[in-house]
Amino acid sequence: MNNILSILDSYTLDNPDDIAKAIADDFRKRRIEKNLTREQVAERSGVAVSNIVRFEQKGLISLKNLIGIAMAMEYTSEVKNIFSEPKYSTMEELTQIRKNTGKTRAHKR
C-alpha cells in the first residue's frame, strides 16, 4: 500500500512549493529517526540552525545549504545524482537526448 501512495504522491506534488515542503518533511523524519537535533545537524553541516528551522517549517533553503545538510545526513550520493541520468517520456525526447549527448550548449528551436 505504501508503494501505491508514493506513486500517487509523485503525481500530486506538481508545484515547487509542495515539493520543497515534502522534501523538508522527509528531512525532518530522517533527522528524528537518526535521533539528531537541529543543532547537531547544524554543527555537522555548517548550516545555521535558523536555516534548518526555516527549511523544516517552510521548505525554504538555499541549494548550498541543502547539499550541506544532505551530506551531514549521509545523503550525498542522492543529491549528487539528481540530474545524473537523462529523463524522457517519449521516443522523440529519447532521440533528441541521444542526438545531443556530448554537446556543451543548447540551441533555440
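Author: One term comes first: a residue is buried when its relative accessible area is under 20%, exposed when over 50%, and partly exposed in between (1.4 Å probe, protein chains only). This is a predicted model, where local features need pLDDT of at least 70 and side-chain atom pairs count only at pLDDT 80 or more, while totals for chains, interfaces and linings use all residues. Residues are numbered from 1 along each chain as its sequence is written, and side-chain values use heavy atoms, with hydrogens and water left out.

Begin at A72. With a relative accessible area of 13%, A72 is buried. A72 sits in helix α5. Helices are DSSP runs of H or I with at least four residues, strands are runs of E with at least two, and both are numbered from the N terminus. Leaving out residues up to four places away in sequence, A72 touches V41, R44 and S45. Touching, or contact, means heavy atoms within 4.5 Å. A42 is 30 residues from A72 along the chain, yet their C-alpha atoms are separated by 8.5 Å.

Now take α5 as a whole. Its buried residues are N65, G68, I69, A70 and A72. An α-helix has 3.6 residues a turn, so residues three or four places apart point the same way. The cover over the buried residues of α5 includes α2, α3, α4 and α6 (76-80). After α5 comes E74, and its phi is positive, near 70 degrees.

One of those covering helices is α3. The axes of α3 (residues 38-45) and α5 (residues 63-72) come within 8 Å and cross at roughly 105 degrees. Axes are lines fitted to C-alpha atoms, for helices over the stretch in contact, and angles run from 0 to 180 degrees between N-to-C directions. α3 and α5 are therefore roughly perpendicular. Angles of 65 to 115 degrees count that way, those under 35 as roughly parallel, those over 145 as roughly antiparallel, and the rest as oblique. From α3 come V41, R44 and S45, and they meet G68, I69 and A72 of α5. These residues divide into three nonpolar, two polar and one charged. Ala, Val, Leu, Ile, Met, Phe, Trp, Tyr, Cys and Pro count as nonpolar, Asp, Glu, Lys and Arg as charged, and the others, Gly among them, as polar.

Next, follow α3 to α4. α3 packs with α4 (residues 49-58) at about 120 degrees, with axes 9 Å apart. That angle makes α3 oblique to α4. R38, E39, V41 and A42 of α3 make the contact with V49, I52, V53 and E56 of α4. By class, this contact holds five nonpolar, no polar and three charged residues.

Last, α2, another helix of the cover. R31 lies in α2. R31 counts as buried, at 7% relative accessibility. Not counting residues up to four places away in sequence, R31 touches L36, T37, R38, V41, E56 and M73.

The whole structure has one aromatic pair. F27 and F55 form this tilted pair, 5.5 Å centre to centre with 45 degrees between the planes. Rings of Phe, Tyr and Trp (its six-membered ring) pair if their centres lie within 6.5 Å; planes under 30 degrees apart are stacked, over 60 edge-to-face, and the rest tilted. F27 is in α2 (residues 16-33) and F55 in α4, 28 residues apart, which links distant parts of the chain. F27 is buried at 10%, and F55 is buried at 2% relative accessibility.
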